[in-house]
Amino acid sequence: MSLGRLLAVATGLLMAIACGALALGIGVAMDPILRDLLGQFGLSGLEAVLSDLAEGYAPDPGMVEAALSLGRAILLLVAVPPVLNAIVGEVLGWRALAWYGGATGLLTALLPWLMRGAAGPVGASEGRVTALLFCAGGVAGLVYWLAAGRFAGRGPATMWAAPPRR
């Protein structure tokens, strides 16, 4: 893999992760049930930590840990699926939009289920979260495909050339 290809992959992944996070944030902000659910679980604590910091007080260590855990979970959801699918796509030379968009969306949606072992009943809010994660992963996969995935497996000389006609 050439240096130019590595740069294209890294740039594509950074763009994909940013757009996936943006899509997830917009989706949560637009859905009233998810917005309320997230408010119950962590945004009120995050707001308390930020207000304590703004006033010059040391924040509660439990609140800081909760904010860091929420950040790690979001990073895991928006970064791991595009990176894994980019690696597989690059190694196998796959250029299909369905691979990058669909597989990234599917892996993003399945990641919470895989982490907890797919146990427990599915509620209405959990279905909404799964659909939102699929859409956010699909956006990330589409952005990666546009930036770098459609050139996967090509050599440096043919990277910018048109694909052969069949």
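Buried means under 20% relative accessible area, exposed means over 50%, and partly exposed is what falls in between (1.4 Å probe, protein chains only). Keep that in mind as you click around.

You're looking at a predicted model, in which local features need pLDDT of at least 70, side-chain atom pairs count only at pLDDT 80 or more, and totals for chains, interfaces and linings use all residues. Residues are numbered from 1 along each chain as its sequence is written, and side-chain values use heavy atoms, with hydrogens and water left out.

**Start with the cartoon view.** The protein has five helices and zero strands, so defined as DSSP runs numbered from the N terminus (helices: H or I, at least four residues; strands: E, at least two). Read from the N terminus on, the order is α-α-α-α-α. Of the 166 residues, 30% are buried. Contact here means heavy atoms within 4.5 Å. Among contacts between residues at least 6 apart in sequence, 74% join residues at least 24 apart.

**Now select the largest nonpolar core.** A nonpolar core is a set of buried Ala, Val, Leu, Ile, Met, Phe, Trp, Tyr and Cys residues joined through side-chain atoms within 4.5 Å. The largest one has twelve residues: Ala8, Val9, Leu13, Ala16, Ala86, Tyr100, Ala140, Val143, Tyr144, Trp145, Ala148 and Ala152. Helix 1 (3-30) and helix 5 (124-147) are the elements that give two or more residues to this core. There's also a second, separate core of ten residues, with Leu34, Leu77, Leu111 and Leu132 among them.

**Zoom in on Trp145.** What does tryptophan 145 touch, leaving aside its neighbours within four places in sequence? Show Arg95, Ala96, Leu97, Tyr100 and Arg150, which are its contacts.

**Next, the aromatic pairs.** Rings of Phe, Tyr and Trp (its six-membered ring) pair if their centres lie within 6.5 Å; planes under 30 degrees apart count as stacked, over 60 as edge-to-face and the rest as tilted. Searching the whole structure turns up two such pairs. In one, the rings of Trp94 and Trp99 have centres 4.8 Å apart and planes at 75°, so that pair is edge-to-face. Are these two tryptophans buried or partly exposed? Trp94 counts as partly exposed at 37% relative accessibility, and Trp99 counts as partly exposed at 22%.

The other pair is Tyr100 with Tyr144: ring centres 5.3 Å apart, planes at 50°, so it's tilted. This pair links distant parts of the chain, with Tyr100 in helix 4 (residues 97-116) and Tyr144 in helix 5, 44 residues apart. Both tyrosines are buried.

**Pick Thr108 in helix 4**. Threonine 108 is buried, with a relative accessible area of 3%. Not counting residues up to four places away in sequence, Thr108 touches Leu77, Pro81, Leu133 and Gly137.

**Hop over to Leu76 in helix 3**. Leucine 76 counts as partly exposed, at 32% relative accessibility. Its contacts, again not counting residues up to four places away in sequence, are Pro81, Leu111 and Met115.

**Last stop: Leu92.** Leucine 92 is found in helix 3 (residues 61-92) and counts as partly exposed at 47% relative accessibility.
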